Amino acid sequence: VFAGIDDAKLGPRQAVPVLCGWLTFVAMWLVLAGAPESALQWIALVGVWLVAAILVTVALGGLLELAGSRWPRLRRRHRVVALPALVVGAVLGSGGVVVGLSTSPGEAPEAVCDLPIELRVLAAPSRLAYVRDLVDAYQQWTADRHEGCPTVSGYVYAVPADTAVSHLQSSWEAGLRDVGPRPDLWLPDDTSHVELVRREIEGAGRDLRDLDDQVVAVSPLVLAVTTTAVANGDVRDRDHTWVELLDLAGDLGWDLARPVPAASVVGELATTAMYGAAGRAGSGADVVAFAREVESRIAATLVRHNYPLADTDPLLCRHRQLGPDATDTALIVTEQAAYRFARGDELGVACPASAGLDSGAEAAASLPMELLHPTDTVTVEHPVVTLIWADRSERQARAASDLLGWLSTDAGHAALAAVGLRPPAEEQPPQPEAVARAREAYQAAQQPGRVLLALDTSGSMRRPAGGEHSRYDVALRALEVALHLLSDRDEFGLWVFPERAAGSEEGRRELVPIGAADVPYRGMPRAEAALAALAALEPDAPTTPLHRTIVDAVAAVSPDPERVTALVVLTDGEDTERDPAIDASLAGLGDEGVRVYVVAIGEASCLTEALAGVTSRTGGGCVQAVVDTLDSQLVELFGVLWSGGGPS
Amino acid sequence: LRVTRRSLLKAAAAAAGASATGSSASSGCSREQADRPREGLVELAIMSGVDQSPGRQRDVLRRRWARQHPGAQAHFVEIGGVADAHRSQMVAHAQSGLGGVDIYNLDVTWTAEFAQAGYLRPLDVAQLDLSGFLEQPLQTCRYDGKLWALPFNTDAGLLYHRSDLVPEELAPTDWGGIELWTARVFASPDHPAELEAGYAGQLADYEGLTVNSFEMIWFEHGEVVTGDWRDPRIEVDSGAVADALRRLARVATHETPQLILPAASRVRRSGHHQRLPGGQGPVHA
């Protein structure tokens with residue numbers, strides 16, 4: 001190196017500025033251009049490296065020459081040992097500098113993690129919260145094993161069961177637009193739903209080729225009682241069957257609450273467990289008598305504390321709101337639900353886990369629970385269904401399969417335990433025949449309904465409902481479907497509001513008085529009479545006296561302990577009267593024994609405090625309905641109010 | 001109701017070319033028979049969230065583009081649900097390797113990860129006229145020194161107020177103003193009986209809460225991400241950001257009576273599912 005430079009006319013002094021300039025130029029270019037992406041850039045990088053090595057060698061060599069001239073003894077040693085070491089050191093050192101220069105500033109930071117494989121997980125609404133927790137736990141588990149980078153990312157979402165089933169039956173053709181992502185995994189809350197889809201797709205050559213379902217967890221049904229109540233009675237130290245436990249609960253004066261079977265798979269299985277126990281203990285007639293006695297007790301509790309006729313979470317939410325007032329209520333729920341309640345988890349939007357003040361945990365602490373496990377209880381299964389699409393990729397299939405495999409490992413079991421679930425058990429769930437028998441007994445024992453329907457006939461109901469039909473047309477069609485659920489035992493009446501006949505635009509008009517469904521009105525079956533009267537109406541009133549109608553209607557429905565008594569209001573607007581006296585009356589409703597339900601469409605909103613308050617206090621509900629699916633939402637609602645069997 | 005303030009909530013939604021294969025819609029995506037391309041036509045598939053704008057403005061744009069390009073057509077492959085649902089389906093589709101989608105209509109926060117993952121192809125800036133775009137939305141389309149997308153539609157948050165309660169010239173433009181006017185209106189003995197709160201925002205657990213949180217943080221002069229972009233620092237548990245979040249928590253838990261509509265923590269933007277009740281607050285977001 002030295003000789004080459006010395007022999008040429010270009011000595012170190014001339015070469016250094018030229019090479020430094022070139023080095024700076026190339027280094028700047030590399031800095032601006034980012035990491036070498038082409039062969040040319042790589043050649044340039046290596047070139048700069050070599051030049052830098054030469055320059056450093058020249059400079060250090062010059063220093064050694066200088067040292068050699070001062071201390072002659074060093075000269076020989078430097079030529080034999082120091083020079084090769086110097087060259088190697090210079091090459092490596094300058095290389096590091098150049099590479100460092102070209103990769104540190106000015107370039108996008110290296111992505112820490114690759115984008116994980118995306119898994120779309122569809123869950124039943126009642127299972128959404130814990131499925132999210134499980135998927136999060138799995139993501140974290142994969143991240144812990146891959147330097148903090150998760151290998152899978154799960155998007156968990158929920159749609160009602162009938163929506164999920166119908167879209168899966170049609171291979172998600174309209175599901176992408178109407179619902180959302182096409183799911184890779186599905187966690188229904190009812191194993192029979194899997195069969196409904198499988199039957200439809202079998203041999204149909206659709207995109208959804210097959211379903212692979214496996215139970216990953218279970219949760220037994222329990223009787224959850226406050227610690228105070230258990231302390232009052234001698235129930236802890238003995239094993240009990242369902243029949244014995246229910247007898248004991250009666251003796252101790254406990255109230256009994258259970259999710260409504262028409263709206264809850266857990267409610268239906270709980271009913272199967274209780275009635276099945278009674279069936280083993282006696283004859284078929286005994287089961288019906290037992291069912292009547294149990295249902296009567298449950299109905300009394302639900303009315304006394306205004307528990308909603310709904311699935312587990314709304315029931316527990318109300319229980320949490322009642323606090324010390326519900327100390328003597330024994331809840332028939334799953335072990336997992338009781339666990340989530342005790343932990344202060346979210347129980348729907350009305351019962352957040354924590355609203356800044358840890359309200360869920362505080363509320364739970366005020367109602368410590370004791371779980372009683374009947375010896376003959378049944379378990380609620382938690383299946384995971386792998387959806388085998390014709391075009392799913394190998395990586396996505398493997399990701400889904402890995403998640404399922406993980407659930408059966410120790411880590412997976414720990415994650416299940418953290419959400420209150422147990423690994424699959426040996427016990428079999430109730431056979432479908434047992435569920436069907438219990439359903440029959442329940443329908444025979446179920447209280448009939450007494451329902452007053454109040455329909456908004458203000459002018460806004462003439463507005464189009466998305467197609468050529470008006471909101472009023474859609475409402476009538478939906479009511480026609482819902483009225484088919486009436487059984488002869490139910491009672492029904494119909495109001496419209498506002499009233500215009502007498503020249504007043506306030507108040508309401510009775511079209512069909514409350515009466516038994518099997519008693520004709522004006523020569524027609526009651527439901528037909530109601531539909532005919534509505535068909536003859538033309539909505540045109542400019543006002544919506546909504547609050548006044550609710551107050552008047554609640555007063556007009558006589559509560560009956562032997563019936564499910566309710567007011568259902570279907571409206572598309574807000575109250576236009578804004579009368580403080582009426583609003584105060586509305587705010588005072590709650591103990592009349594009449595559940596108030598509001599079906600809000602169009603501009604009507606369940607978010608108003610007045611509607612949210614009165615429906616919640618009375619144990620009713622506010623349904624923010626969509627006109628496209630109004631019929632199914634009404635069917636769902638009337639299914640729990642009338643004894644005709646509900647949606648099936 | 002009058003518009004008094006515009007704040008950039010979602011800076012932009014951007015569409016980016018992502019696949020070279022472009023003439024067949026993916027499985028599971030419905031398409032009308034009439035939309036099928038004629039022989040020789042180029043047809044682009046645009047994967048996008050469902051267009052909820054009045055009059056389906058994205059489709060208006062698509063039709064206008066098709067009129068200007070007689071040899072080409074485009075159709076939307078729409079995804080229902082919330083923004084997270086759209087992202088999940090788009091990522092899963094890109095990872096499936098199925099092709100069939102030419103353009104992803106991405107939220108601005110996804111452009112970089114899609115580009116980094118190799119799901120997008122960079123655009124050739126030399127062949128584009130970028131002069132008509134707003135600079136900030138356009139900036140969200142750049143990553144790693146390249147342009148990966150172009151702004152498709154840009155949304156802005158609006159603050160409405162009741163002009164019968166708050167004079168236009170004094171309308172609030174920030175949180176301080178909202179608090180001030182809420183107190184002032186409710187202090188008035190003849191305020192309308194139907195008033196429930198001063199402010200109705202979108203505080204449900206979704207991107208609306210994120211946006212409202214940032215508005216509160218910026219009002220407190222805080223920044224979640226500070227430092228050089230090559231060495232970002234994220235700080236939420238102290239200083240102005242923490243103050244802002246505490247303030248938001250107080251608002252959301254109704255510690256300050258009447259400032260916020262109690263139902264706001266359940267409100268999402270998504271149109272027909274949950275609506276803001278009208279006429280109950282002096283200002284709305």
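1. A:Pro498 sits in the loop that joins β10 (491-497) and β11 (509-516) of chain A, where helices (H or I, at least four residues) and strands (E, at least two) are DSSP runs numbered from the N terminus. The peptide bond leading from A:Phe497 into A:Pro498 is cis, with omega near 0°. Most residues other than glycine have a negative phi, and most peptide bonds are trans.

2. On provenance, this is a predicted model, in which local features need pLDDT of at least 70 and side-chain atom pairs count only at pLDDT 80 or more, while totals for chains, interfaces and linings use all residues. Residues are numbered from 1 along each chain as its sequence is written, chains are lettered from A and ligands numbered from 1 in the order in which they are written, and side-chain values use heavy atoms, with hydrogens and water left out.

3. A:Trp172, in the loop between α6 (161-169) and α7 (175-178) of chain A, has a positive phi near 60°, and at 0% relative accessibility A:Trp172 counts as buried; here buried means under 20% relative accessible area, exposed over 50% and partly exposed in between, with a 1.4 Å probe and protein chains only. B:His221, in the loop between α6 and β11 (225-226) of chain B, also has a positive phi near 60°, but B:His221 is exposed, with a relative accessible area of 73%.

4. Strand β1 (residues 117-123) of chain A has seven of its seven residues buried, so it is largely enclosed by the rest of the structure. In a regular strand the side chains alternate between the two faces of the sheet. In β1(A), A:Ile117, A:Leu119, A:Val121 and A:Ala123 point one way, whereas A:Glu118, A:Arg120 and A:Leu122 point the other way, and all are buried.

5. How does β1(A) pair with strand β2 (residues 152-158) of chain A, and over how many bridges? The two run in the parallel sense over seven bridges, strands being paired if DSSP finds at least two bridges between them, and A:Glu118 has A:Ser153 as its bridge partner in β2(A). The chain passes from β1(A) through α5(A) to β2(A) in a right-handed β-α-β crossover, a term used if, with the strands pointing away from the viewer, the path from the first strand over the helix to the second runs clockwise. β1(A) also pairs in the parallel sense with strand β3 (residues 185-187) of chain A, over three bridges, and there the bridge partner of A:Ala123 is A:Leu187.

6. Rings of Phe, Tyr and Trp (its six-membered ring) pair if their centres lie within 6.5 Å, with planes under 30 degrees apart counted as stacked, over 60 as edge-to-face and the rest as tilted. By this rule there are eleven aromatic pairs over all chains. A:Trp141 and A:Trp406 have ring centres 6.2 Å apart and planes at 50°, so the pair is tilted. A:Trp141 lies in helix α5 (residues 128-144) of chain A and A:Trp406 in helix α16 (residues 394-407) of chain A, so the pair ties together parts that are 265 residues apart in sequence. A:Trp141 is partly exposed at 29% relative accessibility, whereas A:Trp406 is buried at 4%. Together with A:Tyr138, A:Trp141 and A:Trp406 form one aromatic cluster.

7. In soluble globular proteins, nonpolar side chains tend to be buried together. A nonpolar core is taken here as a set of buried Ala, Val, Leu, Ile, Met, Phe, Trp, Tyr and Cys residues joined through side-chain atoms within 4.5 Å. The largest has 101 residues, and those with the most contacts inside it are A:Leu223, A:Leu455, A:Leu534, A:Leu630, A:Phe638 and A:Leu641. Its largest share, nine residues, comes from helix α11 (residues 265-281) of chain A. A second, separate core of 38 residues includes A:Tyr157, A:Ile201, B:Val77 and B:Tyr143.

8. B:Asn212, in helix α6 (residues 207-219) of chain B, is buried, with a relative accessible area of 3%. Not counting residues up to four places away in sequence, B:Asn212 touches B:Tyr199, B:Gly201, B:Gln202 and B:Leu203, contact meaning heavy atoms within 4.5 Å. The C-alpha atoms of B:Asn212 and B:Leu248 are separated by 8.5 Å, and these residues are 36 residues apart along the chain.
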